[in-house]
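Subject: Predicted model, handover and notes

Hello,

Please find the model you asked about below. My notes come after it.

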Amino acid sequence: DTLISQIAAGEVVERPSAVVKELLENAVDAGATQIDIRLENGGIKRIAVSDNGCGIAPDQLQLALTRHATSKIASLNDLENVSTLGFRGEALASIASVAEVTLQSRTSEQPHAWQIRGNDPSKTLTPCSGVKGTAVDVHELYANTPARRKFLKSEQTEYGHCAEIVRRIALARPGIRFTLMHNGKVTAQYQADNLSQRCNQILGEAFSQSLLPVDLAAGEDSDRLSLTGFIGLPTASRTRGDMQYFYVNGRFVRDRLLTHAVRAAYEDVLHGNRYPVYLLYLKLEPSRVDVNVHPAKIEVRFRDSRAIHQFIYHSISRILARPME
Ligand code: ADP
Ligand code: MG
């Protein structure tokens, strides 16, 4: 079972940034307004994420480390309407199978926090001090699976991937304050604010102010689609060729259909700016999109992909055509 769970864990936890992603998503799902991330040696030695969210009740702490234990969906029907970032109930269990994990949490009902260790076979709960919220400490990733550890890149490269995950999530949750530390130093700090301030904080003020705002909606009530965010013009794009952020219902995705729709609009209106900068937020009924395609959930599948493609293509085309009129 240990071997099988380590192999399965590889799918979800392929490198430190994948751990950061899962822990941040859990903190977001818990309603946190403040999230602190501490990394050591690019996350390989240590990844500690603490939040001020709802916490985990003591009788749920052991369960949280168990595979397929999720508090987020109760039935297949819920799967159709999932609104949380997590729902598979496998991230914490996977991480605990390839690293030393300590989970500490306190709900508002508890007079103090409780702690549990992933590698403790009896899963004993220990009382400890701690404020409301959850702290997950992940030590020595892949210490017991040297083959995987060998595939990790340099500390700086792994740190870079982790920092990018923090940016991705921070760009979708401007109301949450994030602090990122690496080897004892604060490397990024994003104050809670609105989306355009968050863009200023992450992309730089001069740059984000050159972007065109997007705010479009189509359809009625339950069929409603909306696309908001910012897109870059070619001149600005040239300075930051690496920034394409697309979110579907608050979840960062990298999807061929969406990417194609945006690029096609740029090509048709501006004739060939191949790597436009964009930060786009698509919202639609959860039942119109399947987020259960990939373990790391970066790919999605739409029920009506043609309609989605057209909506995005026309929205972006219209905005790009405007300054030229
Ligand atoms: P999933 O997010 O898919 O439900 P995880 O393995 O990531 O699965 O987490 C298991 C469960 O542990 C979650 O369903 C949630 O109940 C609880 N949990 C994990 N992290 C947190 C957190 N930071 N705050 C509150 N609850 C948490
Ligand atoms: Mg999760």
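Residues are numbered from 1 along each chain as its sequence is written, and chains are lettered from A and ligands numbered from 1 in the order in which they are written.

Overall

The protein has an average pLDDT of 88, and 86% of its residues score at least 70; pLDDT is the predictor's confidence in each residue, from 0 to 100. For the complex, the predictor gives an ipTM of 0.98 and a pTM of 0.91. The protein contains twelve helices and 15 strands (DSSP runs numbered from the N terminus, helices being H or I of at least four residues and strands E of at least two). Of its 325 residues, 38% are buried. Here buried means that 20 or more other C-beta atoms lie within 10 Å of the residue's own, exposed means 12 or fewer, and partly exposed is in between, with C-beta atoms placed from the backbone. Among contacts between residues at least 6 apart in sequence, 66% join residues at least 24 apart; a contact requires C-beta atoms, placed from the backbone, to lie within 7 Å.

Eight strands make an open sheet with the order 5-4-3-6-2-1-7-8 and mixed pairing (two strands pair if DSSP finds at least two bridges between them). Its edges are strand 5 (126–128) and strand 8 (185–190), each of which pairs on one side only. On average, neighbouring strands are turned by 15 degrees against each other, direction ignored. Axes are lines fitted to C-alpha atoms, for helices over the stretch in contact, and angles run from 0 to 180 degrees between N-to-C directions.

Strand 1 (residues 34–40) pairs with strand 2 (residues 46–51) in the antiparallel sense over six bridges, and Arg38 has Ala48 in strand 2 as its bridge partner. Strand 1 also pairs with strand 7, in the parallel sense and over six bridges; there Ile37 stands opposite Leu180. Strand 7 and strand 8 run antiparallel and are joined by five bridges, with Phe178 opposite Tyr190 of strand 8. The hairpin of these two strands has two residues between them, and Asn183 takes a positive phi near 50 degrees.

Strand 11 (residues 244–248) and strand 13 (residues 278–283) run parallel and are joined by five bridges; Tyr247 has Tyr281 in strand 13 as its bridge partner.

Helix 12

The 17 residues of helix 12 (residues 305–321) should span 24 Å at 1.5 Å a residue, and the end C-alpha atoms are 24 Å apart, which agrees; the expected span is 1.5 Å times one less than the number of residues. Buried in helix 12 are Ile308, Phe311, Ile312, Ser315, Ile316 and Leu320. Seen down the helix axis, these residues fall within an arc of 150 degrees, so they line one face (the arc is that of the directions from the helix axis to the C-beta atoms). Their cover includes strand 9 (212–218), strand 10 (225–231), helix 11 (256–270) and strand 15 (301–302).

Ile319 is also in helix 12, but counts as partly exposed because it has 19 C-beta neighbours inside 10 Å. Not counting residues up to four places away in sequence, Ile319 touches Leu212, Val214 and Ile231. The C-alpha atoms of Ile319 and Ile231 are separated by 8.8 Å, and the two residues are 88 apart along the chain.

Regards

Note on methods:
This is a predicted model: local features need pLDDT of at least 70, side-chain atom pairs count only at pLDDT 80 or more; totals for chains, interfaces and linings use all residues. Two residues are in contact if their C-beta atoms, placed from the backbone, lie within 7 Å.
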